Amino acid sequence: MPNSIAIDFAASLRQATLEVIWRQWGTLGATVSSGAPTRTTIDPEALILTSLWMMDHERRLADVIWSWVDRNSAVISIQRLGNLRVGLPPIVSTRLESLAQERVRNARDARWRSLSSTDAAPLSKRADKIRAVEPRLTSWATLMVQLRMGMGVGVKADVLSFILGLNMHLPEWASVTMIADAIGYTTAAVRRAADDLARARFIRNLDTAESDGGTRMFSGNPSAWAGILGVSPTIPAWGYWRERYRFVIDVATWHDHELEHATTPYARDVAAREILKRHRTALRRDRIIDPFESSSDGSTLADLAAASEALARFWVSHA
């Protein structure tokens with residue numbers, strides 16, 4: 001595959017991601033022109049971190065991030081921001097530290113102190129630009145925010161968000177490991193929270209640990225919760241935004257490296273194979289592509305291009 005084609009599909013994926021980001025911010029209350037609202041449950045921390053990474057390509061995001069955080073800091077999990085930034089490009093941590101330092105210095109918000117750095121340069125934003133209001137809690141897209149408002153910011157609200165995002169038409173059971181991987185907390189914290197939620201009958205517990213050496217499994221009743229929360233009974237699945245955004249960041253980081261260095265077709269194929277391996281589970285779960293399905297020309301780069309293009313199409317109909 002020619003390098004120019006590789007650049008085209010990576011750039012297209014980044015643009016599609018930017019459009020999804022704008023839709024999510026609009027759904028969460030940012031005053032932006034964002035098109036149709038997002039349907040799947042939004043992960044606020046994954047959105048913040050990905051937007052910080054995307055700032056080089058869309059400077060207006062600095063205003064949106066700061067304004068939304070300033071208005072809605074109480075529903076943001078500082079712990080998850082710290083957990084989810086691990087493995088992302090260094091610029092994300094640098095900008096997160098800047099955001100946190102501004103929250104500590106200007107808003108006197110001590111919760112952000114663990115992420116702040118006195119050496120961090122300020123975000124390039126316009127301080128007088130108000131770009132967000134409190135979200136309207138009228139759909140499943142704002143479920144995490146709504147549950148945090150009612151239950152407090154923490155692992156229990158996030159576990160419940162994930163459980164309620166499972167398939168309502170074909171009951172699904174999620175293990176502790178599956179939940180922890182999705183929401184970015186430790187398995188111990190998730191196990192304690194899920195057990196408490198099950199005892200309170202917020203979710204169901206299929207406890208096989210003692211009877212047959214299995215693991216605890218949990219599921220919920222989203223139809224019942226729809227009436228309580230005042231949202232539509234038609235429930236899209238959990239968004240898995242953390243994993244999808246990480247795939248985009250990996251592809252874009254590789255793309256930027258390609259622009260700066262003249263690499264061989266073999267080196268490009270090796271890099272593409274590594275990206276597909278890292279994201280194999282997410283790509284298969286979303287039925288985007290089989291990362292090990294042979295492409296028509298035998299090129300792994302062609303498989304990466306197909307996966308990127310399929311994800312962009314997927315977002316049009318499922319985001």
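Trainee: Which helices each supply at least two residues of the lining of the second largest pocket?
Mentor: This is a predicted model, in which local features need pLDDT of at least 70, side-chain atom pairs count only at pLDDT 80 or more, and totals for chains, interfaces and linings use all residues. Residues are numbered from 1 along each chain as its sequence is written, and side-chain values use heavy atoms, without hydrogens and water. A pocket is an open set of points on a 1 Å grid over the protein atoms alone, with protein on both sides within 12 Å along at least five of seven lines; lining residues have an atom within 4 Å of a point. The helices (DSSP runs of H or I, at least four residues, numbered from the N terminus) are α8 (176–183), α12 (241–260), α13 (265–278) and α14 (280–285).

Trainee: Which helix gives the most to that lining?
Mentor: Four helices each supply at least two residues to the second largest pocket. With five residues, the top contributor is α12.

Trainee: Which elements give two or more residues to the lining of the largest cavity?
Mentor: A cavity is a set of points where a 1.4 Å probe fits but cannot get out. Ala46, Leu49, Tyr245 and Ile249 are among the residues lining the largest one. The elements are α2 and α12.

Trainee: How many residues does α12 give there?
Mentor: Arg242 and Arg246 are also in the lining of the largest cavity. The largest share comes from α12, and its count is four residues.

Trainee: Which helix gives the largest share of the lining of the second largest cavity?
Mentor: Glu243, Phe247, His279 and Leu311 are among its lining residues. Both α12 and α14 supply at least two. The largest share, three residues, comes from α12.
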